[in-house]
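Reader: Please go through the terms used for this model and set each one against its definition.

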Amino acid sequence: MTAQLNPRGDVAVLVPAAGAGVRLGPGAPKALRLLAGEPLLVHAVRRIAAAPSVYTIVVAAPATEVEAVRAMLAPVAPVTVVSGGAERQESVAAALAAVPAGPEIVLVHDAARALTPPHLVESVAAAVRDGHDAVIPVLPVVDTIKEVDATERVLGTVDRSALRAVQTPQGFRRSVLVAAHRSAGDALTDDAGLVEKQGGAVMCVPGSELALKITRPFDMALAEHLLTTGA
Ligand code: CTP
Ligand code: MG
């Protein structure tokens, strides 16, 4: 059954899903790889669609897979599918350009964070609604972090208490994200990083262990395990 999105929702969610998944090893584009029998993108979109504030979802798919992704997602939720770009930022920009008039909150959410719970979508959106221009979900850093030089000699130990590991969905007042992308000059930064470069304020909210980014085969195994235990 297709999940209905909320016609009175105020949130658009962009889902960059056009990456190759090189670090997972040979195979299909990452968003199309199967996790417990379903593509990562299906898991991700189903959870986004379950968040009550969501009005519209725009997926940036691999250019050769746009039709296949439309067909794949049709039974899951009403989504718009556009062709992604060579870099994640281009994929986000393509999805952003396809957001209809209306929603003034825009979230950007990696398809690779396929098990992200709907409540995280809601808490990021709520923080934007409360007046923050840019919001990111974060977790504390658990490992000790060292700075090293090119020869792997340790230069020093970084104060971990001031560090955060950043997840998605990242949330923005629509006009702030549009302005940040318009002036984007650094393809390597995340969306909140574009806002930082513009001098904008970015606020943290608590992230979720379930929003892990599936990057390497180990993460796939962990995600399979989490699904069998109820994620
Ligand atoms: N992404 C995208 N367009 C790109 C590159 C990445 O839409 N040109 C998306 C991915 O599909 C993913 C998210 O951005 O949902 C985060 O990227 P990452 O985890 O790096 O995924 P991949 O780029 O697919 O993986 P890899 O870097 O290992 O190839
Ligand atoms: Mg990548």
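Reader: Why are helix 1 and helix 2 called oblique to each other?
Author: Their axes, for residues 40-49 and 66-73, come within 10 Å and cross at roughly 50°. Angles under 35 degrees count as roughly parallel, over 145 as roughly antiparallel, 65 to 115 as roughly perpendicular and the rest as oblique. Helix 1 and helix 2 are therefore oblique. The model is predicted: local features need pLDDT of at least 70, side-chain atom pairs count only at pLDDT 80 or more, and totals for chains, interfaces and linings use all residues. Residues are numbered from 1 along each chain as its sequence is written, and side-chain values use heavy atoms, leaving out hydrogens and water.

Reader: Which residues make the contact?
Author: Helix 1 contributes Leu41, Val42 and Val45, and helix 2 contributes Val69, Met72 and Leu73, where contact means heavy atoms within 4.5 Å.

Reader: What makes up this contact by class, nonpolar, polar or charged?
Author: The contact has 6 nonpolar residues, no polar and no charged. Ala, Val, Leu, Ile, Met, Phe, Trp, Tyr, Cys and Pro count as nonpolar, Asp, Glu, Lys and Arg as charged, and the others, Gly among them, as polar.

Reader: What lines the largest pocket?
Author: There are 30 lining residues, with Gly19, Arg23, Arg88, Asp110 and Lys213 nearest the centre. By class they are 12 nonpolar, 10 polar and 8 charged. Helix 3 (residues 88-97) gives the most to this lining, with 3 residues.

Reader: How does the lining of the second largest pocket divide by class?
Author: That lining has 10 nonpolar, 2 polar and 3 charged residues.

Conventions. Chains lettered and ligands numbered in written order. Axes fitted to C-alpha atoms, helices over the stretch in contact; angles between N-to-C directions. Helix = DSSP H or I, 4+ residues; strand = E, 2+ residues; numbered from the N terminus. 1 Å grid on protein atoms, 1.4 Å probe; cavity = no way out; pocket = protein on both sides within 12 Å on 5 of 7 lines; lining within 4 Å.
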